[in-house]
Amino acid sequence: TGLSARAGLLHPRDGPKKFPRINLTDFGFHGIIVIQGDEMKTITVVSPKYGTHDVWLDDEDYDLVSQHRWHLSRSNKTYYAATNVPRDNNGKKQSPLLMHRLIMECTKGDKVEIDHDDRNGLNNKRDNLRYATKSQNQMNKPGRSKTGYLGVYDCGDSKVNRYVARVYKDGVRYHVGRFNCKIEAAKARDVIARKVHGEFACLNF
């Protein structure tokens with residue numbers, strides 16, 4: 001059961017069993033198909049460049065989102081749903097607009113950013129979106145060092161307490177301490193990250 005992709009388009013077979021009601025709508029743009037569930041909808045976008053990805057949104061936002069044609073964009077390693085909207089009255093010039101900014105009613109000139117709590121840029125359900133400053137948005141990033149833990153680094157200059165833990169915010173470095181065990185360093189780093197970054201803290205555990 002599910003959906004199959006062929007020649008750049010999606011073809012319905014038997015819709016996913018977890019959705020009791022299926023409503024398939026083809027917007028004719030990159031093979032977009034909408035699956036209607038009880039409380040949310042899933043838009044499956046087929047991109048020639050990025051492949052096939054699902055975009056999630058709340059049922060209440062479907063009417064707004066369905067007014068646009070969506071494609072995929074990528075920033076670093078994160079995918080987002082994007083569309084193009086008129087920049088002027090004659091509609092000849094277009095500007096990109098991300099789905100999560102449309103849902104949260106953020107215009108291009110707004111300095112506020114929208115953070116995805118679970119760090120999945122395609123999960124545009126409202127309970128996963130929150131307003132953030134640029135600094136707060138950067139806090140919720142999953143990047144890790146060579147040790148495999150966020151904020152933990154191998155100094156390599158000592159056999160004792162060779163791992164150092166740090167937290168960064170707004171260009172300021174907070175030194176957590178040095179540890180013999182990288183797991184203990186990661187746990188200590190998480191404690192400080194919660195205090196410094198608050199609800200936007202990206203944690204190891």
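## A walk through the sheets, the helix and the cores

Let us start with an open sheet of three strands, arranged in the order 12-13-14 with antiparallel pairing. Strand 12 and strand 14 are the edges; each has a single partner strand, so one side of each is left without a neighbour in the sheet. Here helices (H or I, at least four residues) and strands (E, at least two) are DSSP runs, numbered from the N terminus, and two strands count as paired if DSSP finds at least two bridges between them. Direction ignored, neighbouring strands of this sheet are turned by 30 degrees against each other on average.

Before going on, a word about the model: it is predicted, so local features need pLDDT of at least 70 and side-chain atom pairs count only at pLDDT 80 or more, while totals for chains, interfaces and linings use all residues. Residues are numbered from 1 along each chain as its sequence is written, and side-chain values use heavy atoms, with hydrogens and water left out.

Back to the sheet. Strand 12 (152-154) and strand 13 (163-169) are joined in the antiparallel sense over three bridges. Val152 has Ala165 of strand 13 as its bridge partner. Helix 4 packs on this sheet and touches strand 12, strand 13 and strand 14; the direction of helix 4 makes about 15 degrees with that of strand 13. For such angles, axes are lines fitted to C-alpha atoms, for helices over the stretch in contact, and angles run from 0 to 180 degrees between N-to-C directions.

Now look along helix 4 itself, residues 182-197. The expected span is 1.5 Å times one less than the number of residues. Buried residues of helix 4 are Ala185, Ala186, Ala188, Arg189, Asp190, Ala193, Val196 and His197. Buried means under 20% relative accessible area, exposed over 50%, and partly exposed in between (1.4 Å probe, protein chains only). The cover over these residues includes helix 3 (134-139), strand 12, strand 13 and strand 14, where contact means heavy atoms within 4.5 Å. Just after helix 4, Gly198 takes a positive phi of about 65 degrees.

Most residues other than glycine have a negative phi. Asn161 has a phi near 55 degrees and lies in the loop between strand 12 and strand 13; with a relative accessible area of 33%, Asn161 is partly exposed. Asp170 has a phi of about 50 degrees, again without being a glycine. Asp170 is found in the loop between strand 13 and strand 14 (172-179), and at 56% relative accessibility Asp170 counts as exposed.

Next comes the nonpolar interior. A nonpolar core is a set of buried Ala, Val, Leu, Ile, Met, Phe, Trp, Tyr and Cys residues joined through side-chain atoms within 4.5 Å. In the largest one, with 18 residues, Ile43, Val55, Val65, Trp70, Met99 and Ile103 touch the most other members. Strand 4 (40-47), strand 5 (51-58), strand 7 (78-86) and helix 2 (99-103) each give at least two residues to this core, and helix 2 supplies the largest share, three residues. A second, separate core of six residues includes Tyr149, Val152, Tyr163 and Ala165.

Is Asn128 buried or exposed? Its relative accessible area is 5%, so Asn128 is buried. The side chain of Asn128 makes a polar contact with the side chain of Asp118 at 2.8 Å, and also reaches the backbone oxygen of Asn123 at 2.9 Å. A polar contact is a pair of N or O atoms within 3.5 Å; within protein, one must be able to donate a hydrogen and the other to accept it, and residues adjacent in sequence count only if both atoms are side-chain atoms.
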